[in-house]
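Hi everyone, thanks for coming.

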Amino acid sequence: MSTIKVDTVQSRGGGAVTLTNQDAAKCWVFVTQSSATIESSFNVASATDGGTGLTSITLTNAFSSANISGTFGHGNKSTSNPGQNLQAMCGTDASNTYGIEVERSDTSANADASGISLHLMGDLA
């Protein structure tokens with residue numbers, strides 16, 4: 001068996017290697033929901049505050065289809081209703097915009113989470 005040991009991997013042209021066919025996240029973002037402030041991200045153009053508990057994420061580079069896989073999480077503390085348990089839903093009707101809705105589990109009323117994160121995997125367009 002051979003062993004390869006390297007410090008840097010580059011493309012044939014000498015630049016950074018681009019992950020295109022591997023199963024790597026093609027998008028990730030952490031957003032402060034109450035202000036739609038992007039704290040850190042990859043392949044995210046913007047976050048838009050749609051009101052209490054509503055955030056839209058727009059990607060820089062779209063996926064080839066809206067049928068992709070992802071994971072989603074949110075902070076356990078509501079900034080508009082401290083101490084309340086929250087539940088969240090994420091969906092899309094396009095290949096580059098994702099809507100996130102967070103609501104209180106006891107009343108189903110929308111509430112801002114302290115932070116939300118989204119990771120998406122799939123083929124880019």
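Predicted model: local features only at pLDDT ≥ 70, side-chain atom pairs only at ≥ 80, totals over all residues.

Residues are numbered from 1 along each chain as its sequence is written, and side-chain values use heavy atoms, with hydrogens and water left out.

By the way, pLDDT is the predictor's confidence in each residue, from 0 to 100. The chain averages 80, and 86% of its residues reach 70 or more. Confidence is highest in strand 2, at a mean of 94, and lowest in strand 6, residues 86-91, at 72.

OK, on to the sheet. Strands pair if DSSP finds at least two bridges between them. Here four strands make an open sheet, in the order 2-1-8-5, with antiparallel pairing. Strand 2 and strand 5 (69-74) are the edges, each pairing on one side only.

Look at strand 8. Five bridges join it to strand 1, with W28 partnering H119. Six bridges join strand 8 to strand 5; there, F72 stands opposite L118 and H74 opposite I116.

Which residues of strand 8 are on its covered face? They are I116, L118 and L120, while S117, H119 and M121 are on the uncovered one. In a regular strand, side chains alternate between the two faces of the sheet.

Next, the core. A nonpolar core is a set of buried Ala, Val, Leu, Ile, Met, Phe, Trp, Tyr and Cys residues joined through side-chain atoms within 4.5 Å. The largest one has 16 residues, and I57, L59, L118 and L120 touch the most other members.

Contact, by the way, means heavy atoms within 4.5 Å. Beyond four places in sequence, L59 touches residues including L120, Y98 and N43.

Is N43 buried or exposed? N43 is buried, because its relative accessible area is 11%. A polar atom of its side chain lies 3.0 Å from the backbone oxygen of K26, and one lies 2.7 Å from the backbone nitrogen of N61.

Definitions and conventions
Buried < 20%, exposed > 50% of the residue type's maximum accessible area, 1.4 Å probe, protein only. Polar contact = N/O pair within 3.5 Å; in protein donor to acceptor, adjacent residues only side chain to side chain. Helix = DSSP H or I, 4+ residues; strand = E, 2+ residues; numbered from the N terminus.
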